[in-house]
Amino acid sequence: MAPSTSSAITLNINGEKHTLPVDHRTTLLDALRERLDLTGTKKGCDQGQCGACTVLIDGRRAVSCLQLAVASEGREITTIEGVADGDRLHPVQQAFLDLDGYQCGYCTPGQVCSAIAVIEEHAAGWPSAATTDVRPEAGVPELSADEIRERMSGNLCRCGAYVSIVQAVARAAAAETEAAEAVA
């Protein structure tokens with residue numbers, strides 16, 4: 001008897017569990033869009049090169065077109081539909097809106113998810129290829145425009161809204177830093 005090529009899996013997406021049968025070859029992107037009607041995550045290149053399908057998996061960014069749905073079982077998946085707090089936009093979403101960090105909007109969901117992870121990675125002290133001093137004692141580097149550009153380089157914008165995107169990420173990062181300092 002040939003082994004089965006499909007399974008019923010349970011995905012935890014935006015805090016809700018969804019059980020569905022999938023072919024083992026189904027990508028997370030296709031499961032989100034075609035099976036669960038979560039169409040905010042966009043299909044761009046379908047090769048992991050454009051970042052339009054970026055989601056957060058366990059808080060880290062991932063291109064969902066290269067992630068198999070079966071490999072996502074048991075992990076916390078956050079799509080663009082899950083980043084806002086009810087009617088209150090996430091600070092990154094608000095900054096994109098305020099600073100026109102979008103034009104056609106097709107890449108925006110992936111840009112926003114990536115930016116959320118970028119801000120968290122930076123705050124945790126993770127260096128990037130643009131970080132000049134990666135020694136631990138150097139501390140967290142400044143989140144300069146060069147740092148943001150490097151960290152967001154996996155997300156393409158065909159409209160060329162990069163200047164506004166960098167400004168939006170910088171504003172959202174500053175807002176999150178201010179909020180954290182106010183709590184401390």
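The report takes the sheet, then a loop residue, then the pocket.

This is a predicted model, in which local features need pLDDT of at least 70 and side-chain atom pairs pLDDT 80 or more, while totals for chains, interfaces and linings use all residues. Residues are numbered from 1 along each chain as its sequence is written, and side-chain values use heavy atoms, without hydrogens and water.

An open sheet of mixed pairing is formed by five strands in the order S2-S1-S5-S3-S4 (strands are DSSP runs of E, at least two residues, and helices of H or I, at least four, numbered from the N terminus; strands pair if DSSP finds at least two bridges between them). The twist from one strand to the next averages 40° (axes are lines fitted to C-alpha atoms, for helices over the stretch in contact; angles run from 0 to 180 degrees between N-to-C directions).

| S2 | 16-23 |
| S4 | 60-63 |

S3 (residues 54-57) and S5 (residues 76-78) run antiparallel and are joined by two bridges; Leu56 has Thr78 in S5 as its bridge partner. Helix H3 lies across S3, S4 and S5, at about 40° to S3.

Asn155 sits in the loop between helix H4 (145-151) and H5. Asn155 is buried, at 5% relative accessible area (buried is under 20%, with a 1.4 Å probe and protein chains only). Beyond neighbours within four places in sequence, its contacts include Cys50, Ser114 and Tyr162 (heavy atoms within 4.5 Å).

H5 (162-183) and H3 (108-123) each supply at least two residues of the lining of the largest pocket. H5 gives the largest share, six residues.

Technical notes
Buried < 20%, exposed > 50% of the residue type's maximum accessible area, 1.4 Å probe, protein only.
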